[in-house]
Amino acid sequence: MNHQPSDHELQSDLQPVSWEDGKVKLIDQTLIPDEFVTLEFDDYKDVVHAICTMQVRGAPAIGVTAALGIALAAQTIDAPDSEQFMHQLEPIAEEFRQTRPTAVNLFWAIDRMLRIAREYAHLPIIELRATLVDEALDILQDDIRINRQLGMNGANLLKDGDTVLTHCNAGALATAGYGTALGVIRAAVEQGKRIKVIADETRPRLQGMKLTAWELQQSGIPVTIITDNMAGYVMHQGMVNCVVVGADRIAANGDTANKVGTYGVAVLAKAHGIPFYVAAPMSTVDLSIPDGKHIIIEERCPTEVTHIGEIRIAPKGVPVLNPAFDVTPAEYIAGIITERGVLRPPYTESLIQPNTHHQSPTIQED
Ligand code: MRU
């Protein structure tokens, strides 16, 4: 299906991932901004492929997509008993696990789906299938609700007239809706603040230029694109008040993996005395790893670097590095904006605070 975005889709309730008539629907993010195409899948293998090829991308969005993909697969599993059912479901979950290694939301969502499948395995198969769809839809709805909450928490950090620099796309497209870093910006705008955004283009896949700039333009939020190597220039010129980025995995000490280039932006922000914030749901926090050294960084195809579209721009035969993410050490992060509030250093303490909105020395909401 190929069409222009409708008014509904142009709002901040843009939903990159959905479930309709027993199918998984995804906005093909590899085609934005030139085309707006919604894909429909009735075979889970195509959903696996869509994650690998980044037709859907962004940590929360791939988690939600994997959950819906597992629910989709469950509709076609025919098994005489729960043991046989799980025997067929587990390898499918494993296929989703193999898609992309860095964003922990993916593994979090897959584990949640498997837990529910085991818990309700005693149900008649028809009910078990329905339960898995309900669970995936809960994950989707929760993500939007959480993003709105963290957006409100983070909006208090922005002042009327601020310019925010962001890297990659942590918007509605990267989540089930509303966005994390862009959710903070949306919430500040909804509070009546005039916020401008500077979007790094984000080589090599250009999520900042293609997705963030498009999303903000559709929402009427002023955005200016820069190439990644201009971040130092705009900071030095005093054009940036604050940096807000998303996250793919946050270790127990606050070290944060996000799109490659984020680390450089954080170092520049510190050098210029500009606060650098990470906005992410608690499902992006991985307390099982003590620090960022334990985060697996996805290495993607060299042609993403050597080619723009179909055109090769690099000399043939030169070795290429293409890590998709880097890790920003916690010491560069002024705060982690979550649905629980704005968590402050030391993150080893604030990340394990109970799930409340109580004020504490390490949790700050304004
Ligand atoms: O490779 P991508 O496009 O999936 O990388 C996405 C990012 O790095 C985002 O900043 C991150 O997932 C946060 S999305 C709310």
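Visitor: At what angle do helix α3 and helix α6 pack, and how far apart are their axes?
Guide: This is a predicted model. In it, helix α3 (residues 59-76) packs against helix α6 (residues 125-155) at an angle of about 170 degrees, and the axes are 8 Å apart.

Visitor: Are α3 and α6 roughly parallel or roughly antiparallel?
Guide: Angles over 145 degrees count as roughly antiparallel, those under 35 as roughly parallel. α3 and α6 are therefore roughly antiparallel to each other. Their crossing is left-handed.

Visitor: Which residues in α3 and α6 meet?
Guide: From α3 there are Pro-60, Val-64, Ala-67, Leu-68, Ala-71, Ala-74 and Gln-75. They meet Arg-129, Leu-132, Val-133, Ala-136, Leu-137, Ile-139, Leu-140 and Asp-143 in α6. Two of these residues return with Ser-18, which lies in strand β1 (residues 17-20). Leaving aside neighbours within four places in sequence, Ser-18 is in contact with Leu-68 and Leu-140, and also with Lys-23, Val-24 and Lys-25.

Visitor: Is Ser-18 buried or exposed?
Guide: Buried means under 20% relative accessible area. Ser-18 has 15% relative accessibility, so it counts as buried.

Visitor: How do the axes of helix α2 and helix α4 cross?
Guide: Helix α2 (residues 44-52) and helix α4 (residues 82-97) have axes that come within 9 Å and cross at roughly 20 degrees. α2 and α4 are therefore roughly parallel to each other. The crossing in which α2 passes α4 is right-handed. On the α2 side, Tyr-44, Lys-45, Val-47, Val-48 and Ile-51 make the contact; on the α4 side, Ile-92, Glu-95 and Phe-96 do.

Visitor: How many residues of helix α7 are buried?
Guide: Of the 10 residues of helix α7 (residues 181-190), 8 are buried, so this helix is largely enclosed by the rest of the structure. The buried residues are Ala-181, Leu-182, Gly-183, Val-184, Ile-185, Arg-186, Ala-187 and Ala-188. Gly-192 follows α7 and has a positive phi, near 95 degrees.

Visitor: Which residue has a positive phi although it is not a glycine?
Guide: Most residues other than glycine have a negative phi. Asp-21 has a positive phi of about 50 degrees and is not a glycine. Cys-168 is also not a glycine, and its phi is positive at about 65 degrees.

Visitor: Where does Asp-21 lie, and where is Cys-168 found?
Guide: Asp-21 lies in the loop between β1 and β2. Cys-168 is in the loop between β4 (163-166) and α7. Asp-21 is exposed, with a relative accessible area of 72%, whereas Cys-168 is buried, at 6%.

Visitor: Which residues does a cis peptide bond join?
Guide: Most peptide bonds are trans. Here a cis peptide bond joins Ile-32 and Pro-33, with omega at about 10 degrees. Pro-33 is in the loop between β2 (23-27) and β3 (38-41). A cis peptide bond also joins Pro-345 and Pro-346, where omega is about 0 degrees. Pro-346 lies in the loop between β16 (341-343) and α12 (347-350).

Visitor: How many aromatic pairs does the count come to?
Guide: A pair of aromatic rings is described by the distance of the centres and the angle of the planes. The count comes to 3 aromatic pairs. One of them is formed by Tyr-263 and Tyr-332, at 6.1 Å centre to centre with 70 degrees between the planes, and is edge-to-face.

Visitor: Which parts of the chain does this pair link?
Guide: The two residues are 69 residues apart, so the pair links distant parts of the chain. Tyr-263 is in helix α10 (residues 262-271), and Tyr-332 is in the loop between β14 (325-328) and β15 (335-338). Tyr-263 is partly exposed at 35% relative accessibility, while Tyr-332 is buried at 19%.

Visitor: Which residue lies over the face of Tyr-332?
Guide: Lys-270 does, at 5.2 Å from the ring centre. Lys-259 lies over the face of Phe-325, at 4.3 Å from the ring centre.

Visitor: How far is Phe-107 from Arg-97 in sequence and in space?
Guide: Phe-107 and Arg-97 are 10 residues apart in sequence, and their C-alpha atoms are 6.4 Å apart. Phe-107 is in helix α5 (residues 104-119) and counts as buried, at 17% relative accessibility. Leaving aside neighbours within four places in sequence, Phe-107 is in contact with Arg-97, Arg-100, Pro-101 and Arg-249.

Key:
Residues numbered from 1 in each chain as written. Predicted model: local features only at pLDDT ≥ 70, side-chain atom pairs only at ≥ 80, totals over all residues. Heavy atoms only, no water. Phe/Tyr/Trp six-rings, centres within 6.5 Å; stacked < 30°, edge-to-face > 60°. Helix = DSSP H or I, 4+ residues; strand = E, 2+ residues; numbered from the N terminus. Buried < 20%, exposed > 50% of the residue type's maximum accessible area, 1.4 Å probe, protein only. Lys NZ or Arg CZ within 6 Å of the ring centre and 35° of its normal. Axes fitted to C-alpha atoms, helices over the stretch in contact; angles between N-to-C directions. Parallel < 35°, antiparallel > 145°, perpendicular 65-115°, else oblique. Left-handed = near helix turned anticlockwise from the far one by under 90°. Contact = heavy atoms within 4.5 Å.
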